[in-house]
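Hi there,

Here is the structure I promised to pass along.

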Amino acid sequence: MDGSTEWPVDDADLASLPTHVVAILAAPQVSLSGAFSFYDDFRAIGRFPGCVVPRCRFDPRLVTFSDAPERTLTGTTIHPHCGLDGVADAEIVIIPPLLDDGSFLTPAGSPIYPERISAYLRDRHAAGATIAGPCTGAFVVAEAGLLDGREATTHWFYETAFRKRHPKVEVVSRGTLVASGPGARLISGGASVYPSEVSLSLIAAFAGLAAAQQFAHLFGRYWRGDLDALYQKAGHPPPELDDGAVAVACAWIDAHLDTPGLVQAAAAAALLTERTLTRRFQRALGLSPGQWIAKQRIARAQTLLETTRLPVEEVGVRVGYAEAAGFRRAFRRATGLTPSEHRRRFKLPPTPARLQPLVPLD
């Protein structure tokens, strides 16, 4: 794959966005469906018509260890974008699920990947990169020593062998999606986790929740309870709606509360007309989009009043009120308190910063 053929979508809106290099390691044992699923997922963000503009774009690269075509166990040849030298600055490194060549079930067997791959993973993780090894890919992450003393999971069939090969790892039995280590930048997944679910978690972390939810909706992906838990920890509301289009609209609203024309923009993000969005909002939430926006603006204002020293006028602007008087009236009508009274009553004391799951690089 030489990159000479580009997806036929205008990249003008993406040109100014920060770009994150995604290294997808493709060794002879690699599962082709896993490797190419990751590639397609990261390549798709921001490139389909009417999409949410993500916070960033991705540059996924299929990598072989020799920078040469690699023949896999299934007899198919992978033509890479580059070797390891071409992803020395990767901010996301993925070891897709691997096919068993006989080494997984041998507790004292030889390393699955060469030591230079382990050294590469350690180097990238130390530099702040996120390392993902879903299913049997977790064996390679553990082989690098990155999971010692940390939680991880793998395919249930290989769990016993994994424990024997890596006794220092805290194995989550029959786990699904597990994120551990500093910044929760070490991701593993069990048998029921498809590569797209790992993609989804990373897209949400780097490109934004709205982009991830729209991606899931358009491509028929499922947002698991494990992802809900990760984003609850990060302070994001979990997408609990049965209607995926409404979930996309809600995420868009949440990300753009300070902008005008929210209903029209949210409908466009969900690929619906305003009339259809209103009908589906009522069915899913019992509120109109306008009522939902008003509710979310007040909730965001409460959080800002409780956790920051921003002037009341600035809080109003940040949640979409152009005039301070209008913000004060709306806030008092919704809560029974003025913004200043709310701050005096509920302002939180300073607390130590928490590690946030799946923290992207600056």
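The buried residues of helix 2 pack against strand 1 (19-25), strand 5 (92-94), strand 6 (130-134), helix 3 (138-143) and strand 10 (186-189). Do keep in mind as you read on that this is a predicted model.

Which residues of helix 2 are the buried ones? They are Ile 117, Ser 118, Tyr 120, Leu 121, Arg 124 and His 125. Around the axis they cover an arc of only 160 degrees, so they sit on the same side of helix 2. The length of the helix works out as well: helix 2 has 12 residues (115-126), and at 1.5 Å a residue these should span 16 Å, which agrees with its end C-alpha atoms being 16 Å apart. Helix 2 is followed by Gly 128, which has a positive phi, near 105 degrees.

Searching the whole structure turns up eight salt bridges, and here are three of them.

Glu 115 pairs with Arg 122, and their closest N and O atoms are 2.5 Å apart. Glu 115 is partly exposed, with 49% relative accessible area, and Arg 122 is also partly exposed, at 33%.

The relative accessible area of Arg 124 is 9%, so Arg 124 counts as buried. For Asp 123 the value is 45%, which makes Asp 123 partly exposed.

Glu 159 is buried, at 11% relative accessibility, while Arg 163 is partly exposed, at 37%.

One last item, in case you were wondering about cysteines. How many disulfides does the structure hold? The count is zero. Cys 56 is buried, with a relative accessible area of 1%, and Cys 135 is buried too, with 13%.

Best wishes

Definitions and conventions: Residues numbered from 1 in each chain as written. Predicted model: local features only at pLDDT ≥ 70, side-chain atom pairs only at ≥ 80, totals over all residues. Heavy atoms only, no water. Salt bridge = Lys/Arg side-chain N within 4 Å of Asp/Glu carboxyl O. Buried < 20%, exposed > 50% of the residue type's maximum accessible area, 1.4 Å probe, protein only. Disulfide = S-S within 2.5 Å. Helix = DSSP H or I, 4+ residues; strand = E, 2+ residues; numbered from the N terminus. Expected span 1.5 Å × (residues − 1). Arc of directions from axis to C-beta. Contact = heavy atoms within 4.5 Å.
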